[in-house]
Amino acid sequence: MVSARGFEPPRPFGHRILSPARLPFRHADNRAKDSYDGKGRVRSRYDHGAVKNALLVVDIQNDFVEGGALPVKGGMQVAAMVSRHLRHFKQEYNFVVATRDYHEDPAGHFSDQPDFVNTWPPHCVIGTQGASLCPPIFNLVREKLISTVVDKGRHSPAYSGFEGLDPRGHPLLDVLREARVDHMDICGLATDYCVRATALDARKHDFQVRVLVNLTAAVNPETGLQALEEMKAAGCSVQAATAP
Ligand SMILES: [Zn+2]
């Protein structure tokens, strides 16, 4: 289009939707609490600098996509779309972390007759190809677009990324606080299990959360929809990402 200032390329619609400036940062349900700095001063998160935005990529591993031990329908497509999303919107994120389900002996988590609610076929066993991040996500780590990987579930079942530890052994919560993260976008697998548990924990820890709904896929469509309602009720915003 031609404006008074000359030619201006149209801004992609998705850029506007996903710009942190347009996120409901001061929404009543999402209001950050003042914190104390340890020296008797009250510090509001909003008084100092810009909001720090993170992307959490949950459990996009070979075993959770088509061809894996516990495939989630649409998982492969989610992997490709998350890669596309991050490459397009990398400027929007101050910090990007991927979680892995990473099992050695997760008591009671595996079963030969799984119910697909509490017990599952063996999956994401440390040292197997199935535990590796899917190639599109692994490439993001290799290219340092994903800066941190946290692993969970070594000796017990763990659905929430907040049960994960980084390579130094630091819990995800500490890692996010160290990066001074206020807001996070969450995507990955599966909507009704690990995405749900991670988003609910993030709200418990008072982060502002947006679930990028089309960058997730559910084990079961019905419980996937229930999980979205539950996340909304907990104060998460649920939106579709719109990378072209
Ligand atoms: Zn598991």
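**Questions on a predicted model**

In this predicted model, 73% of the contacts in the protein chain with a separation of 6 or more are between residues 24 or more positions apart.

Biologist: How many helices and strands does the protein chain have?

Modeller: The protein chain has 244 residues, and buried residues make up 41% of them. Its secondary structure consists of 6 helices and 10 strands.

Biologist: Which residues is I60 in contact with, leaving aside its neighbours within four places in sequence?

Modeller: I60 is among the residues with the most contacts inside the largest nonpolar core. Once its neighbours within four places in sequence are set aside, its contacts are V78, A79, V82, L133, C134, I137, G188 and L189.

Biologist: Why is α5 largely enclosed by the rest of the structure?

Modeller: The buried residues of α5 include Y193, C194, V195 and A202. They pack against the strands β5 (53–58), β6 (95–101), β8 (183–189) and β9 (208–217), and against α6. Helix α5 is largely enclosed because, of its 14 residues, the number buried is 10.

Biologist: Are α5 and α6 roughly parallel or roughly antiparallel?

Modeller: The axes of α5 (residues 191–204) and α6 (residues 221–233) come within 9 Å and cross at roughly 10 degrees. Angles under 35 degrees count as roughly parallel. The crossing angle therefore makes α5, relative to α6, roughly parallel.

Biologist: How many nonpolar residues does the contact of α5 with α6 have?

Modeller: Helix α5 makes this contact through T191, D192, R196, A199 and L200, and α6 through T223, G224, A227, L228, E230 and M231. By class, 3 of these residues are polar and 3 are charged, while the number that are nonpolar is 5.

Biologist: Which residue just after α5 takes a positive phi?

Modeller: Helix α5 covers residues 191–204. Just after this helix, a positive phi of about 75 degrees is taken by D206.

Notes. Residues numbered from 1 in each chain as written. Predicted model: local features only at pLDDT ≥ 70, side-chain atom pairs only at ≥ 80, totals over all residues. Axes fitted to C-alpha atoms, helices over the stretch in contact; angles between N-to-C directions. Helix = DSSP H or I, 4+ residues; strand = E, 2+ residues; numbered from the N terminus. Parallel < 35°, antiparallel > 145°, perpendicular 65-115°, else oblique. Contact = placed C-beta atoms within 7 Å. Nonpolar A, V, L, I, M, F, W, Y, C, P; charged D, E, K, R; others polar. Core = buried A, V, L, I, M, F, W, Y, C linked by C-beta atoms within 7 Å. Buried ≥ 20, exposed ≤ 12 C-beta atoms within 10 Å, placed from the backbone.
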